[in-house]
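Please keep the sequence and the structure in view while reading.

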Amino acid sequence: MATLLAAEGEPAFRATQLCQWVYKRQATSLQQMTDLPEALRQRLQERLYVSTLTLVRQQQSADGTEKLLFRLEDGNQIETVLIPADDKRTVCVSTQVGCAIGCRFCLTAQGGLVRSLRPAEIVSQVLYFQQPAQTPARAFTNIVFMGMGEPLDNLQGTVQALRILTADWGVGISPRRITVSTSGLVRRLEALGRANLKVNLAVSLNATTDAVRTQIMPINKAYPIATLLAACRAFPLALRQRITFEYVLLRDVNDTLADAKRLVKLMHGLRCKINLLPLNEIPGVPYRRPSDETVQQFQQCLLQHGLSAFVRQSRGRDISAACGQLRFEERVTKRLTDQSSQATMPSAHTAQGEQAQGGETSRPGATRREGGQ
Ligand code: SAH
Ligand code: SF4
């Protein structure tokens, strides 16, 4: 914005004004930005617009989880979820339409990658919950990049969105309230560390041997467990910051006590906590969820060995809130929108010449190394 306005011969504070209108006051058009000179607004009109997401469907679960399906300007659809838990309310944002990583237990993987989201499309999911018309119940405390897609496969879009979300001139959210979750694209993980954004990191480990991890997460062929954990050990953390390791529990695949003990060994020397996610069973996914007893025993073993371990029950099961499920259903049933409203969520980006964002064009399920740091 600063560069653009400087090229227009405008003073630097105009960029701040513009960003405040978009990110703080949620203006939906340049015309609303009344403290910008009329002539400037006219000139900018040709260069800038405030992008929108359209709310297609909205579902509320008995446990309070709210699931939103948004249509992007090109017609693709993404999901955003608001998850209330204890004293926290967490917004879970998507970073891609679909995902190229191909984890065998994940619904988002099934359609492959369509495209990466632009920074504006990521930020807009958050801004939706800060719209002036929102009820206080919608106010959120945390953000997780755990919706559809692999954030680090869209490194450029993710990093730019994080900058906007955390900057004083942007949305102004503390990075300590934001967590980025990755399946473990190691080179990109290193780049994220170098970007020094101070956000929290979650890593989807999901197995304790390379054989099992490769079977359920093909990315493990490119970045096996030892390589991934070495990158985690080198990841810059603040004083009390810890890495969260996510572990989807699959019956008879990775849920034995031997797995739990191996996990303890793998975590040696890491400042970490473990989130156990009993599989959310979904159509087309060939795995089962372990019994509650197995889950408990697994957790107990971790606790006994001094690890912090939590069981995260999947939320909003009555509204199909598994990652990617709402979009999937919408696609399958082609249901007409039952709640359609133009939810305008401002995020400015240049109308012309916006580059395709970071995501790669690798094919669904393909195992590959990410390049182009
Ligand atoms: N791509 C990123 C973030 C999105 S997935 C990642 O993989 O980390 C967010 C989390 O949901 C991951 O930890 C993933 O392992 C988990 N997940 C995916 N499908 C699931 C399912 N069917 N049941 C339970 N957890 C699942
Ligand atoms: Fe992609 Fe994450 Fe699903 Fe794996 S678990 S396919 S990385 S969204």
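Strand β3 (residues 66–71) runs antiparallel to β4, and six bridges join the two. The model is predicted: local features need pLDDT of at least 70 and side-chain atom pairs pLDDT 80 or more, whereas totals for chains, interfaces and linings use all residues. Residues are numbered from 1 along each chain as its sequence is written, chains are lettered from A and ligands numbered from 1 in the order in which they are written, and side-chain values use heavy atoms, without hydrogens and water.

Strands here are DSSP runs (E, at least two residues), numbered from the N terminus, and two strands pair if DSSP finds at least two bridges between them. Strands of a sheet pair through backbone hydrogen bonds, either parallel or antiparallel.

Strand β4 (residues 77–85) is mostly covered, with seven of its nine residues buried (under 20% relative accessible area, 1.4 Å probe, protein chains only). Within β4, Leu-82 stands opposite Glu-66 and also opposite Val-91 in β5.

| Pair | Bridges | Direction |
|---|---|---|
| β3 and β4 | six | antiparallel |
| β4 and β5 | five | antiparallel |
| β5 and β8 | three | parallel |

Two hairpins occur here. Five residues lie between β3 and β4, and Gly-75 in that turn has a positive phi of about 95°. Two residues lie between β4 and β5, where Asp-86 in the turn has a positive phi of about 50°.

Altogether, 10 strands form an open sheet with mixed pairing, in the order β2-β3-β4-β5-β8-β9-β10-β11-β12-β13. Because β2 (54–60) and β13 (309–311) stand at the edges with a single partner strand each, one side of each is left without a neighbour in the sheet.

Methods: Buried < 20%, exposed > 50% of the residue type's maximum accessible area, 1.4 Å probe, protein only. Helix = DSSP H or I, 4+ residues; strand = E, 2+ residues; numbered from the N terminus.
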